[in-house]
Amino acid sequence: MTGSVLAIRAGRRTVEVSRPDKPLFPSGVTKADLARYYEAIAPAMLGQIAGRPLNLERYPDGIEGTKIMQQQASDHFPEWVGRVTVPKQGGTVTHVVAPDAATLVYLADQACITLHAWLSRADRLERPDRMILDLDPSDGSTDAVRAAARDVGELLRELGLEPFAMATGSRGYHVTVPLQRRAEFDEVRAFARDVGRVAVARDPRLTLEARKAARRGRILVDVMRNAYAHTAVAPYSVRPRPEAPVATPLRWEELSERTTRPDRWTLRTVPNRLQQEGDPWDAIRSNAGTLGAPRRRLQKLLAEL
């Protein structure tokens with residue numbers, strides 16, 4: 001570190017982080033800590049987000065300051081930072097994509113704390129390779145939402161799909177299904193909604209009601225991320241909460257452990273977890289399924305409701 005700049009070697013590049021000692025979290029986590037974290041976990045994270053358009057959640061004055069949600073890649077970003085221009089209503093927008101560790105470190109220098117990723121990749125934007133059901137509690141009951149995530153996962157297995165779990169670093173869990181890129185977003189979202197209908201019918205603790213006032217304490221099965229240009233918090237992203245929790249992929253059996261809280265793992269503990277246990281999602285792409293046969297099984301379950 002020289003003066004107010006820290007040089008971090010990230011892959012083939014050296015990235016300069018300005019004002020590295022600047023606190024971003026009330027727990028004392030600095031910009032240097034954030035940048036070093038993203039360099040350390042890059043191999044696992046890039047396996048999940050490479051090729052995906054990203055939205056950047058930035059906090060130039062720390063998480064107690066103003067939040068900036070950024071879709072458009074800034075003109076001053078270096079030319080080696082990946083970009084993809086995608087259609088939107090009335091025009092286009094150029095998103096960042098992250099092909100390497102250096103990009104993650106550079107974004108940390110821009111006080112980007114959380115990355116939000118599309119459910120499709122840049123080469124086939126209309127065809128997602130992920131389907132996500134977000135289990136969001138109304139009252140913060142960890143045991144109940146963890147059990148709900150397990151039940152939704154078992155329903156997906158009943159349909160012939162392989163679920164993967166992630167503690168979001170916030171209040172709930174994501175149940176993610178890898179897909180072969182055959183169906184477009186509308187079909188995937190309709191399928192996810194019908195999965196939610198069966199789950200809710202089986203368990204009165206669950207709801208598809210998005211309005212919090214109408215949930216009456218029930219756990220939301222949120223399927224609305226399954227749409228073109230919508231995003232979900234990227235695996236291994238830091239969340240803007242005081243202890244710097246991380247959206248952490250889980251082994252499925254961890255959903256049965258009472259110590260598995262949505263915000264259990266942090267910027268300070270995830271690198272060691274990866275080093276000791278590896279990435280629980282390293283085989284996610286090899287488990288990609290299709291919706292044909294699962295749709296037929298799902299229709300039979302819907303007819304029984």
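A word on the ground rules: residues are numbered from 1 along each chain as its sequence is written, and side-chain values use heavy atoms, leaving out hydrogens and water. Because the model is predicted, local features need pLDDT of at least 70 and side-chain atom pairs count only at pLDDT 80 or more, while totals for chains, interfaces and linings use all residues.

Let's start inside. The largest nonpolar core has 84 residues, where a core means buried Ala, Val, Leu, Ile, Met, Phe, Trp, Tyr and Cys joined through side-chain atoms within 4.5 Å. I49, L115, M131 and V238 have the most contacts inside this core. Its biggest contributor is helix α1, residues 31-49, with 11 residues; helices here are DSSP runs of H or I, at least four residues, numbered from the N terminus.

Stay with I49 for a moment. Leaving aside residues up to four places away in sequence, I49 touches L54, A98, L104, L115, A117, R121 and A234, with contact meaning heavy atoms within 4.5 Å.

So how do α1 and α2 pack? Helix α2 covers residues 101-109, and the two axes lie 8 Å apart at an angle of about 140°, using lines fitted to C-alpha atoms over the stretch in contact and angles from 0 to 180 degrees between N-to-C directions. On the α1 side, the residues include Y38, M45 and I49, and they meet A101, L104, V105, A108 and D109 in α2.

Finally, A293 lies in helix α6, residues 292-303.

Key. Buried < 20%, exposed > 50% of the residue type's maximum accessible area, 1.4 Å probe, protein only. Helix = DSSP H or I, 4+ residues; strand = E, 2+ residues; numbered from the N terminus.
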